[in-house]
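Good morning, everyone. Please take a look at the model on the screen. I'll walk you through a few spots.

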Amino acid sequence: MKIVDLSRELYHRTPTYPGQPPVIHGVWKSHEDSFAESGNVHGMQSMFISMPDHAGTHIDAPRHFGKAGMPINEYPLENCIVPGICLDLRHIAPRAEIAPSDLERAVEKAGLVVPKGGTVLLCTGHHERTFPRKEYATDNSGVNVAATEWLARQGVVHFGIDSMRPGPEGTVNTLVHKACLELDITHIESLCNLEALLGQGQFTFIGLPMKWRDGTGSPIRAVAVFGL
């Protein structure tokens with residue numbers, strides 16, 4: 001069995017979506033403080049973290065797209081362990097729209113079939129090219145509404161991408177989020193290391209969210225497993 005980690009590392013002030021709170025990570029109690037408090041018996045360090053529910057590699061809950069959408073604590077775990085494929089879209093220009101024809105060509109080139117009830121991960125190369133520079137937050141390519149509809153017609157439960165948003169920055173991205181609610185699918189953002197999946201065939205995707213009550217999304221530890 002081979003496991004490929006597709007998750008961004010979380011650390012203090014890691015890049016977050018523009019306008020959202022920062023990731024704050026620090027020492028709550030040090031080994032030295034704990035040791036002194038215990039009467040010099042034993043020191044146990046603990047940390048604290050404050051962050052938005054869309055920090056790092058994360059899955060959007062339907063609640064993110066609209067008030068009537070399902071919150072993350074109710075999202076089916078069956079959708080979090082699914083077959084997946086990865087498509088090579090690194091030739092798409094920064095900020096450009098990924099159209100259905102681009103997806104069709106990428107599937108054909110990969111020689112794979114989109115798994116029904118599974119996921120499609122879109123390797124645009126954006127994370128590899130730009131993270132953690134400021135361009136990471138702005139210059140991504142992404143799917144348009146027609147491509148989102150194409151993915152839904154293939155029967156996926158979600159799709160993933162190696163950038164902070166599923167569509168290019170601006171109106172297209174907003175409309176893609178709206179389309180996901182209407183199509184009853186969702187997406188995973190801020191994946192990384194998708195290049196390691198190209199040419200490797202189908203895998204099992206695992207990305208389990210935290211059980212945030214009424215959450216609009218959740219960080220996940222996203223992995224691709226081969227030979228499961």
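Let's start with a term: helices (H or I, at least four residues) and strands (E, at least two) are DSSP runs, numbered from the N terminus. Now to Q200. Q200 sits in the loop between β10 (186-189) and β11.

A word on the source. This is a predicted model, where local features need pLDDT of at least 70, side-chain atom pairs count only at pLDDT 80 or more, and totals for chains, interfaces and linings use all residues. Residues are numbered from 1 along each chain as its sequence is written, and side-chain values use heavy atoms, with hydrogens and water left out.

Q200 has 43%, so Q200 is partly exposed.

Next, the rings. Rings of Phe, Tyr and Trp (its six-membered ring) pair if their centres lie within 6.5 Å; planes under 30 degrees apart count as stacked, over 60 as edge-to-face and the rest as tilted. The whole structure holds three aromatic pairs. One is F131 with Y136: centres 5.0 Å apart, planes at 85 degrees, so edge-to-face. Y136 is buried, at 1% relative accessible area.

Another is F203 with F226: centres 5.7 Å apart, planes at 65 degrees, so edge-to-face again. This pair links distant parts of the chain, 23 residues apart: F203 in strand β11 (residues 203-206) and F226 in strand β13 (residues 223-226). Both F203 and F226 are buried.

Last, I3. I3 lies in strand β1 (residues 2-5). I3 is exposed, with a relative accessible area of 54%.

Technical notes:
Buried < 20%, exposed > 50% of the residue type's maximum accessible area, 1.4 Å probe, protein only.
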